[in-house]
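Here is a friendly note to read with the model open beside you. Take the points one at a time and find each residue as you go.

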Amino acid sequence: MQTLKAKVERLVKMGVLKKVNRSEWAAPTFIIPKKDGSARFISDFRELNERTLRKPCPIPNVQDMLLNLEEFQWATGLDLNMGCCHICLNPTSKQLCTFVLPFGKHEHQAIPMGLCNGPDIFQEKMSELMDGLAFVRTHIDDLLCLTRGTFSDHLEKLKLVLRRLQRARLKVFAIGTLRVLDCPQWNQTRAAHDKVKAIMKIAEPENQKEL
């Protein structure tokens, strides 16, 4: 409960959440632990999603993207910081995206995680933002910049991406080591050691179900 309350207070200070008491809607909300030890804030919007008219946007399939990549020499991965929180909701949508907790009722000020239209809206925005940059691949809040040539050329193209993100007031994290699927045309890919280690520790199957 202390972790949840601290998380909510932090998001209120950031302007992502606002304490209210005006909506008939109230989605249950909780937190789940993340791999890095922090907490992920989640609202259960299944009831709202059932009443939402979805506007689908073609979201690229990750495996198809990786298999169809051309040869490249330099790659930079960018992860948007709290991606969907950059897209504000209108007043009506804010009231719909209200949740309840033991210590109060709050509404989301931006697209929350769990909203069925969230990934579609964000993918559409990112595709528009990176339109014309053939060396950029977008998947919701992840960007992959791939170039051939010199490292200086890669940095110049990366500046184009960062300028567009800056104009859109989006903040990103740079990923030091890209974790990707192993593709035949990539000569410098390596298996993720923690994943291999997990597989090696699996006990030998003793029946069909375990296999």
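1. Let us begin with Q109, which lies in the loop between strand 6 and helix 5 (118–129). Helices (H or I, at least four residues) and strands (E, at least two) are DSSP runs, numbered from the N terminus. Is Q109 buried or exposed? Q109 counts as buried because its relative accessibility is 14%; buried means under 20% relative accessible area, exposed over 50%, and partly exposed in between, with a 1.4 Å probe and protein chains only.

2. Leaving aside residues up to four places away in sequence, Q109 touches G15, V16, L17, K18, C88, L89 and K94, where contact means heavy atoms within 4.5 Å. With K94 there is also a polar contact between the two side chains, at 3.2 Å. A polar contact is a pair of N or O atoms within 3.5 Å; within protein, one must be able to donate a hydrogen and the other to accept it, and residues adjacent in sequence count only if both atoms are side-chain atoms.

3. A word on what you are looking at. This is a predicted model, in which local features need pLDDT of at least 70 and side-chain atom pairs count only at pLDDT 80 or more, while totals for chains, interfaces and linings use all residues. Residues are numbered from 1 along each chain as its sequence is written, and side-chain values use heavy atoms, with hydrogens and water left out.

4. Here is the overall picture. The protein has 7 helices and 9 strands, and 31% of its 211 residues count as buried. Among contacts in the protein with a separation of 6 or more, 70% are between residues 24 or more positions apart.

5. Next, look for the open sheet of 5 strands, with the order 1-6-5-2-3 and mixed pairing. Which strands stand at its edges? They are strand 1 (17–19) and strand 3 (39–43); each has a single partner strand, so one side of each is left without a neighbour in the sheet. From one strand to the next, the twist averages 40 degrees. Axes are lines fitted to C-alpha atoms, for helices over the stretch in contact, and angles run from 0 to 180 degrees between N-to-C directions.

6. You can find I32 opposite R40, and F30 opposite I42. Strands 2 and 3 form a hairpin with 5 residues between them, and G37 in the turn has a positive phi of about 95 degrees. Strand 3 is mostly covered, with 4 of its 5 residues buried.

7. Which helix lies across this sheet's strands? Helix 1 (residues 2–14) lies across strand 1, strand 2, strand 3, strand 5 (98–101) and strand 6 (104–108), and runs at about 80 degrees to strand 3. K5 lies over the face of F103, at 5.7 Å from the ring centre. A charge sits over a ring if NZ of Lys or CZ of Arg is within 6 Å of the ring centre and within 35 degrees of the ring normal.

8. Turn now to strand 8 (residues 142–147), where 5 of the 6 residues are buried. Strand 8 runs antiparallel to strand 4, joined by 6 bridges, and L143 is the bridge partner of L78. With strand 7 (residues 136–139), strand 8 pairs in the antiparallel sense over 4 bridges. These two strands form a hairpin with 2 residues between them, and I140 in the turn has a positive phi of about 55 degrees.

9. Finally, visit strand 4 (residues 74–80), which holds T76. T76 is buried, at 15% relative accessible area, and its side chain makes a polar contact of 2.7 Å with that of H154. A search of the whole structure finds 1 aromatic pair: W74 and F151, tilted, 4.8 Å centre to centre and 50 degrees between the planes. Rings of Phe, Tyr and Trp (its six-membered ring) pair if their centres lie within 6.5 Å; planes under 30 degrees apart count as stacked, over 60 as edge-to-face and the rest as tilted. The pair links W74 in strand 4 with F151 in helix 6 (residues 151–167), 77 residues apart. W74 is partly exposed at 33%, and F151 is partly exposed at 41%.

How values were computed. Two strands pair if DSSP finds at least two bridges between them.
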